[in-house]
Amino acid sequence: MTTLEWTVEFTETAVALFEEAVPKKFRKTVLEKVLTRLSQTPDVESGKVKQLSSDREPFFPGRNVWQLRVAEYRFFYELLEGKVVIVFFVGIKDTQTTAEMLDP
């Protein structure tokens, strides 16, 4: 049994973007993968998780922002004190840059 160390929350905007981006038949599977990863090791970089640099676009001054890749979907989240993960943006990564995706 895995101990869940982090609390994962979605902003209203992220929920709306998730429902818009992910077809209904895939939502449960994608959401399970997101929750599993973010509740256990959201602060560990890997091939699917990276911390966004504060000196490159997009800029998030003073924020601890990370990106999780699940298939073609990108989940942007912030790590807060008290082991809380706030997912604030969900999108599809086509050929655009991360900055373009976050600011259409």
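**Strands 4 and 5 in the sheet**

Student: How many bridges join strand 4 to strand 5, and which way do they run?

Tutor: Eight bridges join strand 4 to strand 5, and the two run antiparallel. Strands here are DSSP runs (E, at least two residues), as are helices (H or I, at least four), numbered from the N terminus. Strands pair if DSSP finds at least two bridges between them. This is a predicted model, where local features need pLDDT of at least 70, side-chain atom pairs count only at pLDDT 80 or more, and totals for chains, interfaces and linings use all residues. Residues are numbered from 1 along each chain as its sequence is written, and side-chain values use heavy atoms, with hydrogens and water left out.

Student: What stands opposite V85 in strand 5?

Tutor: L79 does.

Student: Which residue takes a positive phi in that hairpin?

Tutor: G82, near 85°, in a hairpin with three residues between the strands.

Student: And what joins strand 3 to strand 4?

Tutor: Six bridges, between residues 65–70 and residues 73–80, again antiparallel. Q67 has F76 as its bridge partner, and V70 has Y73.

Student: What is the strand order of the sheet?

Tutor: The order is 1-5-4-3-2, in an open sheet of five strands with mixed pairing. Strand 1 (7–10) and strand 2 (49–51) each have a single partner strand, so one side of each lacks a neighbour in the sheet.

Student: Why is strand 4 largely enclosed?

Tutor: Because seven of its eight residues are buried, meaning under 20% relative accessible area with a 1.4 Å probe, protein chains only.

Methods: Buried means under 20% relative accessible area, exposed over 50%, partly exposed in between (1.4 Å probe, protein chains only).
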